[in-house]
Amino acid sequence: DEILIATGNPGKAKEFEALFASKGLKIKTLLDYPEIPEVEETGDTFVENALLKAETIAHHLNMLVLADDSGLCVDALHGQPGVYSARYAGEPKSDAANNAKLLHELTGIPAAERTAKFCCTLALAMPGKESLVVEGSVEGQIIGIPRGDNGFGYDPLFLVPEFNQTMAELPNEQKNAISHRANALEKLETVWADWIQD
Ligand code: ITT
Ligand code: NA
């Protein structure tokens with residue numbers, strides 16, 4: 001069986017492929033269904049937006065769907081960009097523009113005060129069932145100059161202190177062992193079987 005992940009973000013899709021492959025499972029994403037219109041993310045929280053994406057697509061296709069709403073929360077910016085992470089610098093979505101804006105907003109803020117976390121909320125939806133929601137996070141620090149080419153989004157600016165490397169410097173397997181997304185998926189695994197049976 002295949003699981004549909006309701007994401008059109010190629011960076012997320014690649015990570016989910018690897019994360020599920022390690023469990024012997026194949027996935028599909030919205031990149032395989034270009035005809036499905038993008039779900040407008042009108043929620044104020046990761047939970048609301050994850051539910052919105054999962055439930056809309058599950059209803060549309062009448063099947064089991066997993067969605068990921070995630071983002072970067074920076075303490076010195078009172079949790080911003082948060083749910084606005086994908087479009088922090090406006091339309092069209094651009095990782096480069098988002099990173100430039102983040103650095104600009106943090107100008108003059110010393111390293112010790114540049115703490116941040118990546119958050120990931122996963123929602124699993126199936127028509128006729130109450131959805132399942134889990135969350136994961138990972139703590140780090142926003143550096144002043146991007147480092148590394150792996151990953152996506154804010155990864156080149158997100159230093160993982162225990163490795164003294166950014167998420168974009170870590171090999172993919174390493175990011176997938178410690179990331180907010182991996183974290184959330186581990187939690188999902190512990191409750192998935194019971195939820196499916198209910
Ligand atoms: P979908 O809704 O189609 O999944 P999206 O990119 O719009 O794609 P979100 O609304 O959840 O997804 O926004 C997530 C943003 O947060 C993403 O675009 C990145 O800027 C950032 N982000 C999330 N996870 C990340 C990660 O692992 N590494 C770097 N940046 C991440
Ligand atoms: Na979002």
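1. The buried residues of helix α1 are covered by elements that include β1 (2-5), β2 (26-29), α4 (172-178) and α5 (180-197); contact is taken as C-beta atoms, placed from the backbone, within 7 Å. Helices (H or I, at least four residues) and strands (E, at least two) are DSSP runs, numbered from the N terminus.

2. The model is predicted: local features need pLDDT of at least 70 and side-chain atom pairs 80 or more, while totals for chains, interfaces and linings use all residues. Residues are numbered from 1 along each chain as its sequence is written, and chains are lettered from A and ligands numbered from 1 in the order in which they are written.

3. In α1, A13, E15 and F16 are buried (20 or more other C-beta atoms within 10 Å of a residue's own; exposed means 12 or fewer, partly exposed in between). These residues lie on the same side of α1, because they cover an arc of only 165° around the axis, taken from the directions from the helix axis to the C-beta atoms. On the other side of α1, P10 and A21 are exposed.

4. Ligand 1 is surrounded by 23 residues, of which T7, N9, S85, A86 and G153 are the closest; a residue counts if its C-beta atom, placed from the backbone, lies within 6 Å. Strand β3 (residues 65-74) gives the most to this shell, with 5 residues.

5. D69 is in strand β3, and an unreviewed UniProt entry lists D69 under "active site"; such annotations may be inferred rather than shown by experiment. D69 counts as buried because it has 28 C-beta neighbours inside 10 Å. Not counting residues up to four places away in sequence, D69 touches F46, N49, A50, K53 and T121.

How values were computed. Contact = placed C-beta atoms within 7 Å.
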